[in-house]
Amino acid sequence: MKMHWITGACLLFAGSTAFADFTVRPDEWRSLNKDLKEVKQSETAFSAVTDGKDPQMVVRGFKAFAADENFLLSFDMSYPAGKATNLQLFFTTADSPKLDEAKSIRIRINGNGETASYSFDLAGHKEWKGSITSLRLDPVSGNVGDEFTLGKFSISGWPATFTVAPAAWRPARAVASPVVNSDTFTAEFPANQRDPFIQAGALRIPAEKYSRVSFELSLPTGSSPAGQIFWAGKEVKNFNEAASVRYKIPADGTFHTITIDLSKNPSWKGEINTLRFDIADTPAPNGGPFSIRNFQLQQ
């Protein structure tokens, strides 16, 4: 299963939450118009074929919830390979009960025929506030005759374990040929280059809620057995040595688990927006592949 990071407003996460999640079972969706056909519903999946350009769905028995306690949208969806569409989610609030474009988000869906996980941070939307009184989901926009499937759909608070998914990492320096799958980020150290690092940006991580970082890393033989993680955000504006932690790890081509206590670093504070991962102080002289998986912030 692939996970998608929606640039600018999205977080990828896993785990339980401190608040009661707002969860919609697939069999709780109800079509509002005639733009869907061949609808099949169960407790685990909602599937249909578009029969119009603007299918609309709502939740049976919707119960209002607090926007400040539930804001991390997560859902699973499959869409035909080679096709793309826009999913749009509308919402109303106690103070603004009319559905309109101003109270909606759009998420680009690039189909590959397989189920993918999508996440979106609704707290960044200026209208996501007060009591959320209704939702309307437009799963497909403009395409007729396309089959799609929806799985889990939830809006939650901060998870006990915050996972930075492989798709969130971007090569920044001395890193080539990145490959991302559901649980691993793999790339190459080019030969004879120094100071390789990758970054994950557009995050919104409350440092006070997470005290440890844990990850699995595989380094090619010949790399220096040490690296460093930096962070920046609202309190720490730029990457610096004070706002970082170091680690040591065998460089033998196999995965090793590293866990670091962040709570003792006085610069781990406020809202963290960017992570910088200096994978190895010095990569292997002849280069080689490295892999990262299960990068998690833990309470």
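The model is predicted, so local features need pLDDT of at least 70 and side-chain atom pairs count only at pLDDT 80 or more, while totals for chains, interfaces and linings use all residues. Residues are numbered from 1 along each chain as its sequence is written, and side-chain values use heavy atoms, with hydrogens and water left out.

**Overall fold**

The protein chain has 0 helices and 26 strands. These are DSSP runs numbered from the N terminus (helices: H or I, at least four residues; strands: E, at least two). The C-alpha atoms fill a box of roughly 60 × 40 × 30 Å along the principal axes. For 299 residues, a compact globule would have a radius of gyration near 19 Å; the chain has 21 Å, which agrees. That radius is taken over C-alpha atoms, and the globule rule is 2.2 Å times the number of residues to the power 0.38.

Of the 299 residues, 51% count as buried. Buried means under 20% relative accessible area, exposed over 50%, and partly exposed in between (1.4 Å probe, protein chains only). Among contacts with a separation of 6 or more, 76% join residues 24 or more positions apart. A contact means heavy atoms within 4.5 Å.

**Aromatic pairs**

The whole structure holds 23 aromatic pairs. Rings of Phe, Tyr and Trp (its six-membered ring) pair if their centres lie within 6.5 Å; planes under 30 degrees apart count as stacked, over 60 as edge-to-face and the rest as tilted. Two tilted pairs are tabulated here.

| Pair | Centre to centre | Angle between planes |
|---|---|---|
| Phe62 and Phe65 | 6.1 Å | 50° |
| Phe185 and Phe290 | 6.3 Å | 35° |

Phe185 lies in strand S18 (residues 184-189) and Phe290 in strand S26 (residues 288-298), so their pair ties together parts 105 residues apart in sequence. Both Phe185 and Phe290 are buried. Phe65 is buried too, at a relative accessible area of 10%. Ring pairs also link Phe65 into a cluster with Phe22, Phe62, Phe91 and Trp128.

**Charges over rings**

Arg136 places its charged end over the ring of Phe90, 4.4 Å from the centre. The criterion is NZ of Lys or CZ of Arg within 6 Å of the ring centre and within 35 degrees of the ring normal.

**Around Thr274**

Phe230 is also one of the contacts of Thr274, leaving aside neighbours within four places in sequence. Others include Gln199, Trp231 and Phe239. Thr274 lies in strand S25 (residues 271-278). Its relative accessibility is 19%, so Thr274 counts as buried.
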